Amino acid sequence: MNMNEPDSIVSARGLRKRFGDRSAVDGIDFEIKRGRCFGFLGPNGAGKTTTLRMLLGLSPMSAGSLTVFGLPIPEQARVVRARVGIVPQADNLDPDFSVAENLEIYAAYFGIPKQLAAPRIERLLEFAALTERRTAKVDTLSGGMKRRLIIARALINEPELVVLDEPTTGLDPQARHIIWGRLAELRANGTTLILTTHYMEEAERLCDELIIMDHGRILDQGSPGELIARHVEAEVIEVRGERSVLFEPIARDCGCRLERMGTSLYCYTNAAGALIAHLQATPGMVFLHRPAGLEDVFLKLTGRELRD
Amino acid sequence: MTAWSLPKLRPDALAVWRRNVLVWRKLIGPALLMNFGEPAIYLLGLGFGLGGFVGNMSGMPYLAFLASGIIASSAMTTASFEGMYSVFTRMVPQRTYEAILATPLEVDDIVAGEMLWCATKSLTSGVAILIVATMLGVVHGWQALWAIPAVFLTGLCFAGPAIVMSALGSSYDFFNYYFVLVVTPMFMLSGVFYPIDTLPHVMQGLVHILPLTHAVELIRPLVTGQALTQPITNIAVLAAYALATYYLAVVLVRRRMLV
């Protein structure tokens, strides 16, 4: 590690991206510290992917300044990309090659000599649990295998920073847990991770620090715990079904913050005891009592209307 | 740095070229069949069949005239097909360029690598026809080997505009415009099948704007052992088309990929 390099690995000031008269990213500032896992959380169209693309010099910025490893973007984007691993949102493995060949050809793009690449490829196949499938064509792989291969491919240049755009979207729970395990492994080895997601569980598990974005702006920033403490009450009681209407005045009297979503009623409170007792005493009430989570913060900050 | 900045030529482009060579090697059987089979049928059918009626053309047997013209025109069609259908496939549905751009490589390198690859494919097809023509006894002497770099340059010259079309295209159907309006007219007008001095005077001036005319003028004498008429002009025109369309292709691919 270069001693002149700042502890912050990414620094963005007034970062802005316009498409015509629409602002996809509307003047945002953030710092990302070395060795952390940093998440961008937001609904579709919030500006997460555009922010990542600007970070890598793959999308010209409309205004602002940006440095990665202390190097200015886009001027030094080539040098930066040589030290970064990128996991794209859509699968873009090379269908003309086998699993192992995908890693070989990617090593060649980075200019990594064959002798150096060969042992790395063995390690990465192991890491992705794809050693057995090394000669398979990529279109015969399952969704989870493809994702693992894409993550392995992003590590071919032994990056200091790995950028992941929705790494587990569309995967089944088993595949998702494997990916989470691999990402935790990377982070434990000191690799800085930046990821976008709209899975709260993923953000809560993996991220040390989060930005919640919407409409190109940062709504808030902090650790998952800080964000929960700052924005929502400690507990939630979710009352389901038509009968939840009967419970609404009682919850209101107890000072709950209420939100209705279809036939479900969400009661946010710091003192659930009395309400729970009441619900248990009322026959036919279906309810769920749980600690408040990131999802509650997210919905409070970005609203409940549908996004496309 | 904007979409219009001048591209930089770097050895990194060879990584993209090498990728395509590796894929081509996997499908070498059908590729070689195409390279040898098609011109052999063309030359046998047209050269012997039509040649019997035509006799000599521009002071050489029609088979020699046709073979040397087809070496040039196949460089054009090969590079055009590769630069449109294959490049578009890698750029759009297959997302290969997106994956490559996540490495230190840039659009400059991708387009340069693809142009080199298109020209390499032109080369394989040109060499195949040259071998077939040699076996048919119409190639005159070792100077014919100079046709090989000329075919490569022709390939570069047609790779550029094809990649421009890929960068502009929304689907494969879009390429029909280019084939019908550009490739086919050139194929018919640039002296592949008959000497251009049989065209009306005005047309002769016009066809000299077309790069294929210059490719034919350069390659035919090399293959058939005649004197070159204006080799410097021919090379300059082909190189100018290659460079100008390289620049334009880089700009347009940047505008498509880097948004």
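Trainee: At what angle do helix H5 (residues 143-154) and helix H6 (residues 173-188) of chain A pack?

Mentor: This is a predicted model, where local features need pLDDT of at least 70, side-chain atom pairs count only at pLDDT 80 or more, and totals for chains, interfaces and linings use all residues. Residues are numbered from 1 along each chain as written, with chains lettered from A and ligands numbered from 1 in the order written. Helices are DSSP runs of H or I, at least four residues, and strands are runs of E, at least two, numbered from the N terminus. Axes are lines fitted to C-alpha atoms, for helices over the stretch in contact, and angles run from 0 to 180 degrees between N-to-C directions. The axes of H5(A) and H6(A) lie 9 Å apart, and the angle is about 15°.

Trainee: Which class does that angle give H5(A) and H6(A)?

Mentor: Angles under 35 degrees count as roughly parallel. The pair packs at about 15°. So H5(A) and H6(A) are roughly parallel.

Trainee: Which residues of H6(A) meet H5(A)?

Mentor: Contact means C-beta atoms, placed from the backbone, within 7 Å. From H5(A) come A:Gly143, A:Gly144, A:Arg147, A:Arg148 and A:Ile151. Their partners in H6(A) are A:Ala175, A:Ile178, A:Ile179 and A:Arg182.

Trainee: Which helix gives the most to the side of chain B that touches chain A?

Mentor: The contact takes 19 residues from chain B and 20 residues from chain A. Helix H1 (13-26) and helix H4 (96-101) of chain B each supply at least two residues of chain B's side. With five residues, the one giving the most is H4(B).

Note on methods: Two residues are in contact if their C-beta atoms, placed from the backbone, lie within 7 Å. Angles under 35 degrees count as roughly parallel, over 145 as roughly antiparallel, 65 to 115 as roughly perpendicular and the rest as oblique.
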